[in-house]
Amino acid sequence: MRIIKLNNQIKKRFIFLIIIFACFSTSIFLIGYSLKDQIAYFVEPTDLKSMDGIENKYLRVGGLVKTNSLKFLDGKWIFEVVDQNQNSVNVVFSKTLPNLVEENKGIIVEGKFIDNIFVAEIVLAKHDENYMPQSAIDKLKEEGKWRGN
Amino acid sequence: MTSLEFVLICYGFFGVVCAVTTIIIILLKKKVFNMVSAHNQIK
Amino acid sequence: MFAITPNILSNFMISLSRYVILLSLVLISFSIFLIIFLENDYYQGISFKIMFIHVPTAWLSLAIFLVMGISSIIGLIFKSPTAFTVARSLSPIGLIMSIIVLVTGSIWGNLTWGSYWVWDARLTSMLILAFIYLGHILLLYSFEHFQKADFAASILAIIGLVNLPIVKFSVDWWTTLHQESSVLRMGGPSMTNDYLITLLVSFFGIFMLTIFWFSNIFYIIVEKRKIERSKLLND
């Protein structure tokens with residue numbers, strides 16, 4: 001008799017906890033789902049095509065620095081940010097770049113579109129999750145398996 | 001500062017935090033251990 | 001979990017703690033040796049070596065919260081004092097780990113991204129995790145009776161479990177400045193074997209250190225309670 005009573009209590013507490021957990025995770029899920037555009041840290045150049053009123057709006061655009069587009073002209077850095085769908089954005093930046101900004105590497109630019117040119121105020125380098133020593137890359141290049149630049 | 005210095009700061013921070021925590025925990029444990037043995041003696 | 005009293009677990013852990021700290025010191029010094037002679041990353045240079053602290057402590061801060069949440073659930077359902085004490089002794093360790101993650105991560109971010117802190121999903125959810133740890137500790141020590149404190153804090157730990165998948169998968173669900181997972185991901189690790197082995201050695205070193213901390217904190221809590229109880233009985 002006592003054991004049955006204990007089991008009932010345990011069941012009650014278990015259901016109570018499941019309800020707490022379910023309520024909380026649903027509310028967090030709903031918050032995350034409805035704010036998903038705000039939580040996203042940057043947009044890609046492809047996303048910009050479907051957005052309207054982007055002129056003079058403070059934005060973050062992320063992608064790769066297009067190969068052979070990074071130039072230093074009149075004290076300003078000029079480059080193109082390109083994504084996987086080959087859509088690109090022309091960027092102007094007048095401060096010093098972070099060390100890791102290179103062609104064909106990830107970048108995030110923060111600023112505004114002025115006359116269809118993105119005037120960046122902050123530039124952040126975005127590195128990916130691959131770590132490799134130079135010797136491993138040389139070996140891959142010898143075998144013809146290297147797919148990077 | 002160079003990258004190497006930043007990396008060393010990182011490792012130094014980690015080392016100091018771990019060492020201080022370990023020492024504090026060992027000291028507290030010794031204190032409690034002494035309290036327990038003093039308590040047992042009174043009994 | 002029902003037959004294991006706090007006393008048994010405390011004695012068991014403390015009898016092992018000597019070997020655990022020895023193993024931890026051996027593994028950590030071996031990993032330091034490995035890290036010094038490791039070749040730099042082709043792109044990030046020497047700054048990627050921060051990874052060997054950042055990643056193990058990040059895994060541990062998540063794993064500790066998972067254990068804390070599960071033992072809070074067990075404690076609440078079965079009224080198990082052992083489970084509550086496990087959760088109680090884990091939260092300071094988790095707080096230290098998450099502070100190390102945030103500090104090393106922001107130094108790494110300054111070297112690679114060019115900014116100490118940004119408000120992207122991964123960094124923000126990790127900061128929230130650190131604050132939940134802090135809140136858990138504050139709740140534990142803001143009640144007069146430890147049973148009440150355990151009850152309140154375990155509710156917080158269970159609610160905080162919702163944050164764990166957000167921290168882990170934030171880099172997949174939203175666009176972030178933080179890179180994606182390198183080891184625990186679909187398609188296997190995205191680093192060469194020498195890096196991976198070094199990472200695992202340093203992870204197990206730090207893991208053993210946390211086990212040592214945990215067993216000592218657990219011992220301290222259990223013995224202090226015993227002394228208080230016998231003092232009350234004597235009065």
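Okay, let's start with chain A, which has four helices and six strands; helices here are DSSP runs of H or I with at least four residues, strands are E runs of at least two, and both are numbered from the N terminus. Before I go on: this is a predicted model, where local features need pLDDT of at least 70, side-chain atom pairs count only at pLDDT 80 or more, and totals for chains, interfaces and linings use all residues. Residues are numbered from 1 along each chain as its sequence is written, while chains are lettered from A and ligands numbered from 1 in the order in which they are written.

Back to chain A. Reading from the N terminus, its elements go α-α-α-β-β-β-β-β-β-α. Its radius of gyration is 25 Å, well over the 15 Å that the globule rule gives for 149 residues, so chain A is more spread out than a compact globule. That radius is taken over C-alpha atoms, and the rule is 2.2 Å times the number of residues to the power 0.38. Along the principal axes, the C-alpha trace of chain A spans about 85 × 50 × 25 Å.

How much of chain A is buried? Buried residues make up 19% of its 149 residues. Buried means 20 or more other C-beta atoms within 10 Å of the residue's own, exposed means 12 or fewer, and partly exposed is in between, with C-beta atoms placed from the backbone. As for contacts in chain A with a separation of 6 or more, 47% are between residues 24 or more positions apart. Two residues are in contact if their C-beta atoms, placed from the backbone, lie within 7 Å.

Now, chain C meets chain A with 32 residues from chain C and 32 residues from chain A. On the chain C side, α2 (51–78) and α5 (146–160) each supply at least two residues, and α2(C) gives the most, with four residues. That side of chain C divides into 16 nonpolar, twelve polar and four charged residues. For the classes, Ala, Val, Leu, Ile, Met, Phe, Trp, Tyr, Cys and Pro count as nonpolar, Asp, Glu, Lys and Arg as charged, and the others, Gly among them, as polar.

What about chain B? There the contact takes 22 residues from chain C and 19 residues from chain B. The elements of chain C that give two or more residues to this side are α3 (81–112) and α7, and the largest share, ten residues, comes from α7(C).

Let's stay with α3(C) for a moment. At 1.5 Å a residue, its 32 residues should span 46 Å, and its end C-alpha atoms are 46 Å apart, which agrees; the expected span is 1.5 Å times one less than the number of residues. Where is the kink in α3(C)? A kink of about 30° lies at C:Leu90, shortly before the proline C:Pro92. That bend is the angle between axes fitted to the seven residues ending there and the seven starting there. α3(C) is mostly covered, with 26 of its 32 residues buried. Just after this helix, C:Gly114 takes a positive phi of about 100°.

Last bit: the domains. Chain C is divided into domain 1 (8–36 + 189–235) and domain 2 (50–176), with bounds from an automatic or database domain assignment. The contact between them takes 16 residues from domain 1 and 13 residues from domain 2. On the domain 1 side, the largest share, 13 residues, comes from α7(C). That side divides into twelve nonpolar, four polar and no charged residues.
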